[in-house]
Amino acid sequence: MFFSHNLDKASGAHMSHTKQIPVQFYETLFTNSVSISREAGEIFKKCKNKEALISDITDRRTENGLAPQTSGLLLQLLNTQNRDPSENQRLRQIVLDKARTLREQLYGHDVAVMVPIEISSFCASNCSFCGWRSDNKDMVRLKISPSGIEKEIESLSHYGFSHYEIVAGDDLNFIKNDLEGIIKLFKSKLKELNTGARVSICLTPLLKPHYETLKKAGLDTVLTWQETYNFENYRKLITSGPKANGITTDFKVAKNEDGCLMRMSSHEVCVQTGLQVGLGVMLGLDETDPEADILSAIQHANKLIETYRDTIQPIIIGMPIWNPITTARTDNSVHHKSKVSGEEDFELISAIYLLSLPDRFAWVFPNCRVSKKTQLESIKTAGCFTSGMVRVGPGAYLNFDKKVDFTDTFVKSSEKVEALTQEKVLTGEQFQHHFDSQENYNKRFKEENLIQVKETKFLAELIQKEKHRKKKKVA
C-alpha cells in the first residue's frame with residue numbers, strides 16, 4: 001500500500017525512537033468525527049440551558065485545548081437550522097469572547113503576515129473547485145521565469161512579510177526540475193532584502209527524500225490543505241492527477257494509489273523531516289457534514305502535536321473557502337450548496353480552532369478569501385498568522401505601471417507571450433479573492449492596533465514555554 005510505504009520511508013534514524021501515528025487513525029478519522037459530531041448534535045438538541053453549557057465548556061478549557069467531543073459541541077453553533085437567531089448569537093458571542101481573550105494572552109496584538117507567490121498555473125490535477133484544474137481550457141496558463149520571480153520578491157520585500165509561500169499548482173515538471181533551485185533563489189534574495197523571512201511551499205504532497213532535499217535547500221514550511229477528510233467527497237471532487245493518486249519517487253503520477261490518504265500522511269512525513277506544516281479543510285466543501293470535516297482537522301492537528309510534541313513546530317491552521325473562479329463559464333461553485341457561510345461563520349470557526357488546540361502549538365490563519373472586515377475580526381479573535389496583499393496568479397505582482405517585458409518574465413504560456421496583457425495575466429488567477437494593497441492592509445492593521453512581527457518571535461516563545469513546562473514536570 002503506497003500510504004504505508006510513504007510512512008515507512010519517512011522514519012529516519014533520528015526519529016526511530018518516536019512512535020508513529022497508526023494508519024487506522026487516518027483511515028477512520030472522518031467517520032469518527034461524524035460519529036462525535038452527531039452525538040454532540042443530540043446532546044445539544046436536548047440541552048435545556050445551552051448558555052450554561054457553552055459557558056462551562058469555555059470556562060473549563062485548559063492550555064491543552066479541548067477534547068474532540070467538546071469541540072464537537074461548539075461546532076453545533078454552525079448548525080443554526082430551526083434555532084432562535086438571537087439565542088444562537090448569544091451562544092456564539094460567548095465563544096468569540098473567550099477566544100479573543102485567549103488570543104490576546106498568547107500573542108498580544110502581534111500578527112505575522114505572509115504572501116504567496118504563484119510560479120506556475122500548469123496544474124496536472126483536476127479539482128472541480130479550482131480555476132487551475134487541468135480540464136479548464138478557458139484559463140490562461142503561465143509559468144514565471146527566475147528573473148520574473150526576482151522582480152516580484154523585490155517589489156514585495158519592503159512590506160516586511162515574514163513568510164513567502166511558493167505555489168505552483170501540481171506542476172510536476174516544475175516540482176521535479178525547478179523547485180529546489182527556486183527555494184534557494186528565494187532564500188538568497190530574502191537574505192538580502194527581508195532577513196528572517198521564512199519560505200513555504202503549497203504543492204502536491206511529496207515523499208520523504210524529496211522533503212529532505214528541499215529542507216537542505218532552505219525550505220521551512222509545507223502547507224497542505226486537505227480540502228476534505230471525507231474520502232467519498234474527496235474522490236468525487238478530485239478526479240485525476242497527483243492530488244487524486246499521489247506521486248512516485250521520480251515525480252510521476254502514481255497508479256492505483258490513494259491520494260487522499262497520502263495527503264493526510266504527508267504532514268507527518270514533513271514533521272519527521274523537521275519541517276513546519278500547515279493543514280486545514282476547505283470550509284463548506286463537504287455539503288453534508290461540514291462540522292465533522294472541521295473536527296477532523298482539529299483531531300488531525302491534535303494527533304500530530306500529541307505524537308511529536310517534543311519536535312513539532314506550531315501547526316498553521318488554514319481556512320480556505322470555495323470561492324468563484326475567474327473564468328465564469330467554467331465555474332462550478334454555482335452548483336455547490338454549502339452549509340457554511342464565509343462571512344457569517346468564518347470568525348466563529350477561527351475561534352473554535354484556537355480554543356480546541358494546545359496553546360501556541362497552532363497558528364490560526366484567517367485569509368483574504370473573505371472580506372477584509374471578516375478577516376480582521378477573525379485575526380483579533382483567533383489569528384496570529386494571516387495574508388495581506390494577495391495575488392493568486394503567476395506574474396500578478398509585477399509592476400504594471402512600467403512596461404513589462406513578458407518574454408523575459410514568462411518561460412511558458414498557453415498563449416503567445418507576445419500577445420499577453422496585464423488583463424490576461426490577472427485573469428489567469430486561480431480564484432476570486434478580496435484583493436487590497438499592502439499599504440491599505442498596513443493602515444487597517446494600525447487602526448485595529450495589530451502589530452506586524454516576524455513569526456520567528458512566535459517560534460521562540462513556544463520554545464521558551466516548552467522549556468518551562470519540562471522543568472516544571474521534572475520538579
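A residue counts as buried at under 20% relative accessible area, as exposed at over 50%, and as partly exposed in between (1.4 Å probe, protein chains only). The model is predicted, so that local features need pLDDT of at least 70 and side-chain atom pairs count only at pLDDT 80 or more, while totals for chains, interfaces and linings use all residues. Residues are numbered from 1 along each chain as its sequence is written, and side-chain values use heavy atoms, with hydrogens and water left out.

**Exercise 1. Classify the ring pair of phenylalanine 161 and tyrosine 164, and state whether each residue is buried or exposed.**

Step 1. Tyrosine 164 has a relative accessible area of 0% and is therefore buried; phenylalanine 161, at 0% relative accessibility, is buried as well.

Step 2. Rings of Phe, Tyr and Trp (its six-membered ring) pair if their centres lie within 6.5 Å, and planes under 30 degrees apart count as stacked, over 60 as edge-to-face and the rest as tilted. A search of the whole structure finds 11 such aromatic pairs. In the one formed by phenylalanine 161 and tyrosine 164, the centres are 6.2 Å apart and the planes make 85°, which is edge-to-face.

**Exercise 2. Describe the pair of tyrosine 441 and phenylalanine 445.**

Step 1. With 5.9 Å from centre to centre and 45° between the planes, this pair is tilted.

Step 2. Helices are DSSP runs (H or I, at least four residues), numbered from the N terminus. Because tyrosine 441 and phenylalanine 445 are 4 residues apart in helix 18 (residues 438-447), about one helical turn separates them.

Step 3. Both tyrosine 441 and phenylalanine 445 are buried.

**Exercise 3. Determine how helix 5 and helix 14 pack.**

Step 1. Axes are lines fitted to C-alpha atoms, for helices over the stretch in contact, and angles run from 0 to 180 degrees between N-to-C directions. For helix 5 (residues 85-107) and helix 14 (residues 342-356), the angle is about 55° and the axes are 9 Å apart.

Step 2. Helix 5 is therefore oblique to helix 14, given that angles under 35 degrees count as roughly parallel, over 145 as roughly antiparallel, 65 to 115 as roughly perpendicular and the rest as oblique.

Step 3. The contact (heavy atoms within 4.5 Å) involves residues of helix 5 including Arg92, Val95 and Leu96, and residues of helix 14 including Glu344, Asp345 and Leu348.

**Exercise 4. Find the surroundings of aspartate 138.**

Step 1. Aspartate 138 is partly exposed, because its relative accessible area is 32%.

Step 2. Leaving aside neighbours within four places in sequence, aspartate 138 is in contact with Thr327, Arg329 and Thr330.

Step 3. The C-alpha atoms of aspartate 138 and threonine 330 are separated by 7.4 Å, although these residues are 192 residues apart along the chain.

Terms used:
Helix = DSSP H or I, 4+ residues; strand = E, 2+ residues; numbered from the N terminus.
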